[in-house]
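Here are some exercises to work through with the structure open beside you. Try each task yourself before reading its solution.

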Amino acid sequence: MKNQGKSSRAVGIIILIAIALIAVVFINIKLNEDNSANEAEQNAGMTPITQEDLNIGASAVLTENYFESFRAVREDTREREIEYLNLIIGGGGDEATLADAREQLVEIVDCMEKELTIESLIKAKGFEDVAVTFHYGSVNIIVSANSLSEEQVAQILEITMRETGEPAQNIKISTH
C-alpha cells in the first residue's frame, strides 16, 4: 500500500512534467510560426507596416521584453522540471524510475549549460540579444536583429554546432 502511494505520486509528477513540456513546445511552435510568417512576407517582397515601424522606441522595449520574457518562461519551466525530478528521486521508488529521473535531471542541466554558453558566445560576436533552446536533436536560436547576413548565420551555426555537436539540419536560426 505504501509503495502504491509513492507510485501514484510519481505518476502525478510525471504528468506535471509532461504538461510543462507541452507548454514549452507550444510556445516554441508559436514563436516559429510568427517568425515563419514574417520570413514569408519578406521573401515575397512585402514590407508590412507594424506597430514597431510606427514607434521605434516601443520596438526596442518590445524586443528587450521579448527576450526577458522568453528566458523567464524557460527558466521557470526548467525549475519546475528539476523540482519534480528531485521529488521523484527523493521519494524513492524502483531503481529504474530513479535512474530515469537522474538521467533526465542530468540532461536538463546539460541543456541549460549549452544554452547559456551558446547565448554568451553569440552575444560576444556583437549581437544585442539572443535566446536559445536546446534539446538533443533540436536547437532553436532567436537573434535580436532585423536580418542576418550569410556570414552572421555561418558564425551562429558554427558556434552552435561546435557547442552542441548537432548537425546543421537540427539548428533553426531566426530573428526577432
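The exercises below cover confidence, aromatic pairs, salt bridges and nonpolar cores in this predicted model.

**Exercise 1. Confidence**

Find where in the protein confidence is lowest and where it is highest.

Solution. Start with the overall picture: the mean pLDDT is 79, and 64% of the residues reach 70 or more. Next, go element by element. Helix H2 (residues 51-54) has the lowest confidence, with a mean of 43, while helix H5 (residues 150-164) has the highest, at 97. Finally, look at residues 38-62, where the pLDDT is below 50. Beyond near neighbours in sequence, that stretch has nine contacts in the model.

**Exercise 2. Aromatic pairs**

Classify the ring pair Tyr 66 and Phe 70 as stacked, tilted or edge-to-face, then do likewise for Phe 134 and Tyr 136.

Solution. The whole structure holds three aromatic pairs. For Tyr 66 and Phe 70, the ring centres are 6.3 Å apart and the planes meet at 35°. Stacked needs under 30 degrees and edge-to-face needs over 60, so this pair is tilted.

Where do these two residues sit? Both belong to helix H3 (residues 56-90), four residues apart, which is about one turn of the helix. Both Tyr 66 and Phe 70 are buried. Together with Phe 67, they form one aromatic cluster.

Now take Phe 134 and Tyr 136: their centres are 5.1 Å apart and their planes 70° apart, an edge-to-face pair. Phe 134 is buried, at a relative accessible area of 0%, whereas Tyr 136 is partly exposed, at 43%.

**Exercise 3. Salt bridges**

Solution. The model has 10 salt bridges.

1. Arg 80 and Asp 76 have their closest N and O atoms 2.2 Å apart. The two are four residues apart in helix H3, so about one helical turn separates them.
2. Glu 115 and Arg 78 have their closest N and O atoms 2.9 Å apart. This pair links distant parts of the chain, with Glu 115 in helix H4 (residues 95-124) and Arg 78 in helix H3, 37 residues apart.
3. Glu 95 and Arg 102 meet at 3.7 Å, N to O.

**Exercise 4. Nonpolar cores**

Work out which elements each supply at least two residues of the largest nonpolar core.

Solution. The largest core has 15 residues, and those with the most contacts inside it are Ile 122, Ile 141, Val 143 and Ile 156. Its contributors of at least two residues each are H4, strand E1 (130-135), strand E2 (138-143), H5 and strand E3 (171-175).

Then zoom in on Ile 141. Leaving aside neighbours within four places in sequence, its contacts include Ile 122, Val 130, Val 132, Ile 156, Ile 171 and Ile 173.

To finish, look for the second, separate core: it has six residues, among them Ile 82, Leu 85, Ile 88 and Leu 105.

Notes
Residues are numbered from 1 along each chain as its sequence is written. This is a predicted model: local features need pLDDT of at least 70, side-chain atom pairs count only at pLDDT 80 or more; totals for chains, interfaces and linings use all residues. Side-chain values use heavy atoms; hydrogens and water are left out. Rings of Phe, Tyr and Trp (its six-membered ring) pair if their centres lie within 6.5 Å; planes under 30 degrees apart count as stacked, over 60 as edge-to-face and the rest as tilted. Buried means under 20% relative accessible area, exposed over 50%, partly exposed in between (1.4 Å probe, protein chains only). A salt bridge is a side-chain nitrogen of Lys or Arg within 4 Å of a carboxyl oxygen of Asp or Glu. pLDDT is the predictor's confidence in each residue, from 0 to 100. Contact means heavy atoms within 4.5 Å. A nonpolar core is a set of buried Ala, Val, Leu, Ile, Met, Phe, Trp, Tyr and Cys residues joined through side-chain atoms within 4.5 Å.
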